[in-house]
Amino acid sequence: MGPGRHFCKEDKSVNICVVGTGYVGLVTGVCFAEFGLNVAAIDNDKTKIDLLKKGEVPIYEPGLKEKIAANVAADRLIFTTNIKKGVANSLVVFIAVGTPQGKDGRADLSYIDEVAKSIGENMNGYKVIVTKSTVPVGTGERIKKIVEEHQKEKVNFDVVSNPEFLREGAAIEDFMRPDRVVIGASSSQAIAIMKDLYRPLYLRDTPFVITSIKNAEMIKYASNAFLATKISFINEVANICERVGADVQMVATGMGLDDRIGPYFLHAGPGYGGSCFPKDTEAFVRIADEHGYSFEIVKSAINVNNRRIEDVMKKIARDLGAVEGKTIGFLGLAFKPDTDDIREAPSIKIIKKLLKQGAKIKAFDPSAMENTRKELPKITYCKDAYEVADGADALVICTEWTLFRNLDLGKIKKALKVPVLIDLKNIYDKEKMNQLGIKYTGIGR
Ligand code: NAD
């Protein structure tokens, strides 16, 4: 399958289409185009597709805008709401729609089902249908059944599980240089086609895990649940450090130097958030429950994470007393740096609690203010950290954006009404803060 096939816009034959242009679908589509493939990126959200057609990008992800522009200019990437043509013109159809948490904690597969139905209805020849979305074990079989039920004519197809491990904020780099590519499939033809798509990575010696669909589906949940558990583990260690007078930063450094443990995901903080860990841990517990197994470790990781917001509220109460009528400044709203994503962000949960208790909130985030405004329209949004600090009774660092790591602390102290800094990301040093006359509270120190 080589690049450079003829076509004019939506009618052209593409190598692949990606259904869903969110954080995963957009990055997947752009990166495959970057590999030289012809890609149709499809979404049923017309506003999103119209924006993308105009060269604007609905999400913030470093490097994404430039790569989209370059691949659209090279005529390798198109955006469309037309799933019918997208499917008909592609050999490989990636499903990258959301799998949000359903009411009972299980993954809501309604978007997946809808896409599977459309694929079945619009199939005009052999296709490889690939799930990039995070889906429970058994979803591959479910997709197969739905597609078969909706096919107008019986044509052969294969289903592949190809879970995505990218991190928001480093998504392009993660896609282009992944630790591994997991391909779950039972058909040798589908495996060969997948390897062909990922050829540039294959040539670069990226490890490929070729396995069954069920194994691939499990690998994704097990990986996310493990990382979430690591975060909850270090957050509990932080709580113990506070009680015994140790510093979790040093403890984590000492632990992380052990190759068997590693330094990643050992940063104590306000708990994990984002669109993946909270829903994927819940879904994994439900998958185990449905198969008669109680997944105790992950249940505990979830409980610890849920308690984290209360732990933070206690810190704020200890430093500020009653917050009613007080102004609290927030630096960082996104669930992590380098993204505008606020789904399940600890900042939003903490701010909502503080608002309920009568606090006034000022905030600044380099990318996430537009998204936050939709959820918290009544807080004051500022142009920078200094405007946030101006007249505030305390400053809370909630996201470790690089530009918060080197603040002019003299200026911050002067601007604050009361010099209190609650550093939920441990980016500053307590001694230095105390020398500056700033009352400092970190996590686990
Ligand atoms: P998202 O919510 O940002 O994007 C999903 C997109 O799918 C939306 O643009 C939506 O309009 C579109 N969509 C929904 N139904 C559709 C339909 N019927 N037809 C066409 N488009 C449709 O989601 P995301 O964060 O990109 O996550 C997608 C999947 O990937 C989820 O399963 C998630 O768990 C998984 N995942 C996410 C990340 C991450 O960091 N965000 C990382 C790895 C895996």
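**Ligand shell and helix packing in the predicted model**

In the predicted model, a backbone N or O atom of Tyr23 is placed 3.0 Å from an oxygen atom of the ligand, a polar contact being a pair of N or O atoms within 3.5 Å. The ligand taken alone exposes 840 Å², of which the protein buries 89% (accessible areas by the Shrake-Rupley method with a 1.4 Å probe). Residues are numbered from 1 along each chain as its sequence is written, and side-chain values rest on heavy atoms, with hydrogens and water left out. Because the model is predicted, local features need pLDDT of at least 70 and side-chain atom pairs count only at pLDDT 80 or more, whereas totals for chains, interfaces and linings use all residues.

The shell around the ligand holds 27 residues, of which Asp43, Lys48, Thr99, Glu168 and Lys279 come nearest (a residue is near if one of its heavy atoms lies within 4 Å). By residue class, the shell divides into nine nonpolar, nine polar and nine charged residues, where Ala, Val, Leu, Ile, Met, Phe, Trp, Tyr, Cys and Pro count as nonpolar, Asp, Glu, Lys and Arg as charged, and the others, Gly among them, as polar. Helices H1 (23-34) and H5 (110-121) each supply at least two residues of this shell, and H5 gives the most, with three residues; helices are DSSP runs (H or I, at least four residues), numbered from the N terminus.

Both of these helices also pack against other helices. Axes are lines fitted to C-alpha atoms over the stretch in contact, with angles running from 0 to 180 degrees between N-to-C directions. H5 passes H6 in a right-handed crossing, the near helix being turned clockwise from the far one by less than a right angle. H1 and H3 (residues 64-73) pack at about 50° with their axes 10 Å apart, so that H1 is oblique to H3, and this crossing is left-handed.

Conventions
Polar contact = N/O pair within 3.5 Å; in protein donor to acceptor, adjacent residues only side chain to side chain. Parallel < 35°, antiparallel > 145°, perpendicular 65-115°, else oblique.
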